[in-house]
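Thanks for coming. I will go through one structure, part by part, and say how each term is defined as it comes up.

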Amino acid sequence: MKVVIIGGVAAGATAATRLRRLDERAEIVMLDKGPHVSFSNCSLPFRLSGTVDSTGKLVMMTPQAFAARYRIGARVNSEAVAIDRDSRTVRVRNLTDGTEYDESYDKLILSPGARAIVPPIPGVDQADVFTLKTVTDVDRLHTFLTERGVTRVSVVGGGFIGVEAAVNLVEAGYQVSLVEAAPQILNTFDQDMVQILHKALLDHGVNLIVGDQVTRCEGNDLTLASGRVIEGQAVVMAVGIRPDTALAADAGLDVNGRGAILTDASYRTNDPDIYAIGDAIEVTNALTHRPMMLQLAGPAQKQARQVADHICGRAVRNTGYIGSNCIKVFEWNAAGTGLTAAQCEREGLRYDYAYVIPQDKVSLMPDSRPLHVKLIFEVPTGRVLGAQAIGQGDAAKRIDVVATAIKFGAVVDDLRDLELCYAPPFSNAKDPVNVAALVAGNLLGGDYRQTHVDQARALVESGATIIDVREPGAFAKGHLKGAVNIPLTQMRGRLDEIPTDRPVYLNCRSSQTSYNAVRLLQGHGFTNVVNLGGSMLGISLY
Ligand code: FAD
């Protein structure tokens, strides 16, 4: 059997080595049009800060290593320019000398990934514009910045790559502007949660501009739709990527409207001898069962393994994807999985969420920090739909737990009952995941009512009755405009001050003490009391 693989990085290289492990006799050819195979795309931004201290370290395996270890014919600077499905051959152009040849295949795997988009903004051709997709890209950018003595860099696009680029550039000492057309960066986080990351960027001196877009480049200065001008000496363009699939479409393989290759559950295209995997394909969302695009390394590598298995006659199981993701924004760790509340809204799902801010480990530990956790669940079933966690401690560990639970179809009570590791340096006896699930369970059971942190401003402006239940010292340091201070510790003696003719909103630092106050008041017959989820810690960021 001869297998040809087009694209030799995350998905392609994984498919090639798995194939070899399953079939020692197969002939395996892996083509890549770039000068490298098997490099760490995900580490590219870290070259800018020097966390990765040489560009060469980004390359994980050379063609020589593929040949010696796996007897895989990895060919760099080799672009597949056409597929002839009738003769089962790929036309390959050697980009070093311009020659072309045909390579036959029994099975063909397409793992061409995606290209960085450079939008046709007037003047973009005259600017020093860099993308961040390959080792060559980051090397060009790093060399330009250091050799030209650049001090100011503009990053366009607040997705994962843009934000990571901005963070690493700041860490390297550059002054950075980050421009995002949407009202927020990182749309895998909801508006309330992402404010923490907006603040982190601003606190570290990033000139963060959201809700505005670049309309013109004049040299390396950017003019925005608002008329604002951002001065810079280099532009990093990170506005998104598009599947690199012209080759597949030209060969008559089915693609969707955004160019992603369509496959069946075994990643076979409409040609049974051609498979497609990685950033280039459309996948199924395991929660909504709708098609989606997902550009993440983990799914790409899982697909690669499954395709190798399928080619070798093994059964594969494709249960769809939930898009677990994480990012480090300076000292903040942020992670998410499944659907955001905004996505639930768009999907028309009945949902609610718990927003809790417990300490990530026992508060006596010197590095104990608040962890913001948002747990999103379906109403009334309690099915876990998604979660986001942001803090200075281990956010990803919590989201990994929820991601695992979602994969197994968990409801919030399953999360509540999970027995998770605990000792003071690691967590609390009730892990933040358990805490979020407890709150979610209370909400689902109708034990109490909550309103969300994004409603706080409207409540204040409408003159709603807000009672801050913290101690007077904390209240004096800052509170919601118009809030009355009745500490939880005094509440039983001051019940006659609580109105009964209108809703009463209770808040505190993290919404835990106010929850206790809500339960206290309910125990005394008050029915119109509402906890303000997220409370001051959430509001101060919002
Ligand atoms: P790629 O890894 O892009 O490989 C495709 C290869 O195919 C390319 O080398 C290309 O040159 C080659 N090719 C294309 N067309 C042809 C052709 N016609 N002939 C020959 N060769 C061809 N994901 C995460 O999960 N976590 C992260 O932290 C993360 N960080 C990232 C940071 C950056 C800066 C980038 C760029 C990506 C990041 N990703 C991250 C995404 C992740 O790297 C991708 O999802 C993954 O690499 C996709 O694998 P792939 O094999 O489909 O495509």
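Helix H1 (10–22), helix H2 (44–49), strand E4 (78–84) and helix H8 (297–311) each give at least two residues to the shell around the ligand. Helices here are DSSP runs of H or I with at least four residues, strands are runs of E with at least two, and both are numbered from the N terminus. This is a predicted model, in which local features need pLDDT of at least 70, side-chain atom pairs count only at pLDDT 80 or more, and totals for chains, interfaces and linings use all residues. Residue numbers start from 1 along each chain as its sequence is written.

The ligand is surrounded by 32 residues, and the closest are Gly7, Val9, Ala10, Gly113 and Gly278. A residue is near a molecule or strand if its C-beta atom, placed from the backbone, lies within 6 Å of it. By class, the shell holds 17 nonpolar, nine polar and six charged residues. Ala, Val, Leu, Ile, Met, Phe, Trp, Tyr, Cys and Pro count as nonpolar, Asp, Glu, Lys and Arg as charged, and the others, Gly among them, as polar.

How do the axes of H1 and H8 cross? They come within 8 Å and cross at roughly 35 degrees. Axes are lines fitted to C-alpha atoms, for helices over the stretch in contact, with angles from 0 to 180 degrees between N-to-C directions. On the H1 side the contact includes Ala10, Ala11 and Thr14, and on the H8 side Ala297, Ala300 and Gln301 are among the residues. Contact means C-beta atoms, placed from the backbone, within 7 Å. The residues of this contact divide into eleven nonpolar, three polar and two charged.

Next, helix H5, residues 160–171. Its twelve residues should span 16 Å at 1.5 Å a residue, and the end C-alpha atoms are 16 Å apart, which agrees. The expected span is 1.5 Å times one less than the number of residues.

Is H5 largely enclosed or open? Ten of its twelve residues are buried, so H5 is largely enclosed by the rest of the structure. Buried means 20 or more other C-beta atoms within 10 Å of a residue's own, exposed means 12 or fewer, and partly exposed is in between, with C-beta atoms placed from the backbone. The cover over those buried residues includes H2, strand E10 (152–156) and helix H6 (191–203). Just after H5, Gly173 takes a positive phi of about 100 degrees.

Two buried leucines follow. Leu222 sits in strand E14 (residues 221–224) and counts as buried, with 26 C-beta neighbours inside 10 Å. Beyond four places in sequence, Leu222 touches residues including Ser154, Val179 and Val235. Leu459, in helix H13 (residues 456–461), has 20 such neighbours and so is also buried. Leu459 is in contact with Ala464, Ile466 and Tyr505, leaving aside neighbours within four places in sequence.

Last, the backbone. Val379 and Pro380 are joined by a cis peptide bond, with omega about 5 degrees, and Pro380 lies in the loop between strand E24 (371–378) and strand E25 (384–391). Asn77, which is not a glycine, has a positive phi near 50 degrees; with 15 C-beta neighbours inside 10 Å, Asn77 is partly exposed. His289 has a positive phi of about 60 degrees, although not a glycine, and with 8 C-beta neighbours inside 10 Å, His289 counts as exposed.
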